Amino acid sequence: MEGELKMPRHVAIILDGNGRWARAKGMPRNYGHVQGAKTVEVICEEAYKMGIQYLTVYAFSTENWSRPGDEVEALMKLLRNYMKTCLKTAEKNRMCVRVLGEKSRLDEDIRTRILELEEATKNNDGLHFQIAINYGGRDEIVRAARQIAEAAAAGNLKPGEITEETISNRLDTRGIPEPDLLIRTCNEQRISNFLLWQLAYTEFYFTPVPWPDFTKEELIKAVEAYNHRERKLGGLKPG
């Protein structure tokens, strides 16, 4: 069946359910985050083998800072370790990695690792992998609006010249095609401030499976549902 599927070019995923998965097993929430990071590695590889070109995951939102301090600290530690793992994976699979979000709130060593990862992988021709860290869709749009306002104030941009492209080119995702398919795990049916601008014409797929249990087979199910909607719409999408 997989070979017959039309692959979405860009899949975005809200990684939900790590903590609930861990609690169901009598383990601390952080155990779920560790297992969730391993699932990201697996899905990156499987997605590229299936023919998906772009994969974007929601790893840490601007709202996640409100979580208990020990959980945030553990997530930051996990992020540091993941940056190392991701660099090794990118070297092996020629993955091009980009981090979305407001990086200034992150510790300096994490920002340095992000820069090193992006620089080392920028010319790779494998999967384009975007990780959203300290990311919020509204924050992204506000930051873009400020850039546009500064350009206008400096006399480099007239209000009448502002277009959708003007905004898109100032978002964290500039140069990346908009997602064809959004997957959210653990049965939550909301987008939680993720890619608000970019999801305008995206197909949504919700699954009860928590992220640590998400497999290649689950990804195929999501793509099958996407294909069904494509057929129902006659393969046509706005834009």
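Guide: The lining of the largest pocket divides into 15 nonpolar, eight polar and nine charged residues, where Ala, Val, Leu, Ile, Met, Phe, Trp, Tyr, Cys and Pro count as nonpolar, Asp, Glu, Lys and Arg as charged, and the others as polar. This is a predicted model, in which local features need pLDDT of at least 70 and side-chain atom pairs count only at pLDDT 80 or more, while totals for chains, interfaces and linings use all residues. Residues are numbered from 1 along each chain as its sequence is written, and side-chain values use heavy atoms, without hydrogens or water.

Of the 32 residues that line the largest pocket, Leu15, Asn18, Tyr58, Ala59 and Asn64 are the closest to its centre. Helix H1 (18-24), helix H2 (29-50), strand E2 (54-61) and helix H3 each contribute at least two residues to this lining; helices (at least four residues) and strands (at least two) are DSSP runs.

Strand E2, one of these contributors, has seven of its eight residues buried (under 20% relative accessible area, 1.4 Å probe; exposed is over 50%, partly exposed in between), and it is therefore largely enclosed by the rest of the structure. Strand E2 pairs (at least two DSSP bridges between two strands) with strand E1 (residues 10-14) in the parallel sense over five bridges, and here Ile13 stands opposite Val57 in E2. Strand E2 also runs parallel to strand E4, to which seven bridges join it, and Tyr58, one of the residues closest to the centre of the pocket, stands opposite Ala132 in E4. Strand E4 (residues 128-135) likewise has seven of its eight residues buried, so E4 too is largely enclosed by the rest of the structure. Strand E4 is joined in turn to strand E3 in the parallel sense over five bridges, with Val97 opposite Phe129 in E4.

Helix H3 also supplies residues of the pocket lining, and Thr89 lies in this helix, which spans residues 69-93. Thr89 counts as buried because its relative accessibility is 11%, and, leaving aside residues up to four places away in sequence, Thr89 touches (heavy atoms within 4.5 Å) Glu41, Arg94 and Met95. Arg94 is found in the loop between H3 and strand E3 (96-100), where a relative accessible area of 40% makes Arg94 partly exposed. Arg94 has a positive phi of about 55° although it is not a glycine. Most residues other than glycine have a negative phi. Leu195 likewise has a positive phi, of about 50°, without being a glycine; Leu195 is found in the loop between strand E5 (181-184) and strand E6 (203-206), and at a relative accessible area of 2% Leu195 is buried.

Definitions and conventions
On a 1 Å grid over the protein atoms alone, a cavity is a set of points where a 1.4 Å probe fits but cannot get out, and a pocket is an open set with protein on both sides within 12 Å along at least five of seven lines; lining residues have an atom within 4 Å of a point.
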